[in-house]
Amino acid sequence: MDFDRKEEAFLQFFKNRFENALFDEKDVYSFLIFIRDHLIDLDKSKYNYIIDIGDTIAHRHRDRGVAMVAIQGAIENGYRITPASNHIEGYHGIHYSDWCKQWKYLGDQIGIAFEKNTIHDITLCVFSLLQYTEYTRGNSTGHIELFQNPNNELCVCTTEGHAHSLYINFSLLDNVPFLKRYEAGLIDEVVTAVREDGYLRLINESGEYII
């Protein structure tokens, strides 16, 4: 990847924020917008999830992307479950292990150490940024909401957004120490990932700590 001198200065800023655990969702948002143009002409198989998330937060109403394909696949297959599994036919989300590999590889290319805990916090910021993003293609519509699983997992789920919509797990973050839980698990308030005293918190619009 080639960066001009101004971009090199930005990279050093992001390196300091990520490697010293100073970042919150605003830094992750800025970084994804900054890096997406540098990744788009490279081998997309190495960065496809990162590119797609960058595109999604830049354009919150979309007609393409990984989530749109997943939503459309589920709808077109009538939400059928694959035999002997709980997987919906035609629906493919983001697996955390693949997501981590992409961040590790990116870090190697740009000189930023994305450690395990750093990627965990980046993911929490990304989940917050994805909340309420919308997708429409033809008759397929959907948006993203956040769910709490009973076993300390935060999930990004897709839904068609009507009263009887099914919620399908698109991606999952484990080891999330919830301080507040919502009825039925649906986080129905706007959230923000902010850092306080070195710890990344998820706060709702009422100022309560969810994490």
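Biologist: How much space lies in the largest pocket?

Modeller: In this predicted model, about 450 Å³ of space lies there, a volume being the space filled by probe spheres set on grid points joined across faces, edges and corners. Residues are numbered from 1 along each chain as its sequence is written, and side-chain values use heavy atoms, with hydrogens and water left out. Because the model is predicted, local features need pLDDT of at least 70 and side-chain atom pairs count only at pLDDT 80 or more, while totals for chains, interfaces and linings use all residues.

Biologist: What makes this space a pocket, and which residues lie nearest its centre?

Modeller: A pocket is an open set of points on a 1 Å grid over the protein atoms alone, where a 1.4 Å probe fits and protein stands on both sides within 12 Å along at least five of seven lines; lining residues have an atom within 4 Å of a point. Here 18 residues form the lining, and N86, H87, Y91, I168 and N169 lie nearest the centre. Strand β5 (168-173) gives the largest share, 5 residues, and β4 (153-159) supplies at least two.

Biologist: Why is Q131 called buried?

Modeller: Q131 has 4% relative accessibility, and buried means under 20% (exposed is over 50%, partly exposed in between, with a 1.4 Å probe and protein chains only), so Q131 counts as buried. Q131 sits in the loop between α6 (116-130) and β2 (134-137), where helices (H or I, at least four residues) and strands (E, at least two) are DSSP runs numbered from the N terminus.

Biologist: Which residues does Q131 touch?

Modeller: Leaving aside residues up to four places away in sequence, Q131 touches R60, I144, L146, I187, E189, V190 and V191, contact meaning heavy atoms within 4.5 Å. A polar atom of the Q131 side chain also lies 3.0 Å from the backbone nitrogen of V191.

Biologist: Why do β1 and β5 stand at the edges of the sheet?

Modeller: The open sheet has 5 strands in the order β1-β2-β3-β4-β5, with mixed pairing. β1 (61-62) and β5 each have a single partner strand, so one side of each is left without a neighbour in the sheet.

Biologist: How do you know that β1 and β2 pair?

Modeller: Two strands pair if DSSP finds at least two bridges between them, and β1 and β2 have 2 bridges in the parallel sense, with H61 and E134 as bridge partners. By that rule β6 and β7 (residues 199-204) pair too, in the antiparallel sense over 6 bridges, and T192 is partnered there with I203 of β7.

Methods
Polar contact = N/O pair within 3.5 Å; in protein donor to acceptor, adjacent residues only side chain to side chain.
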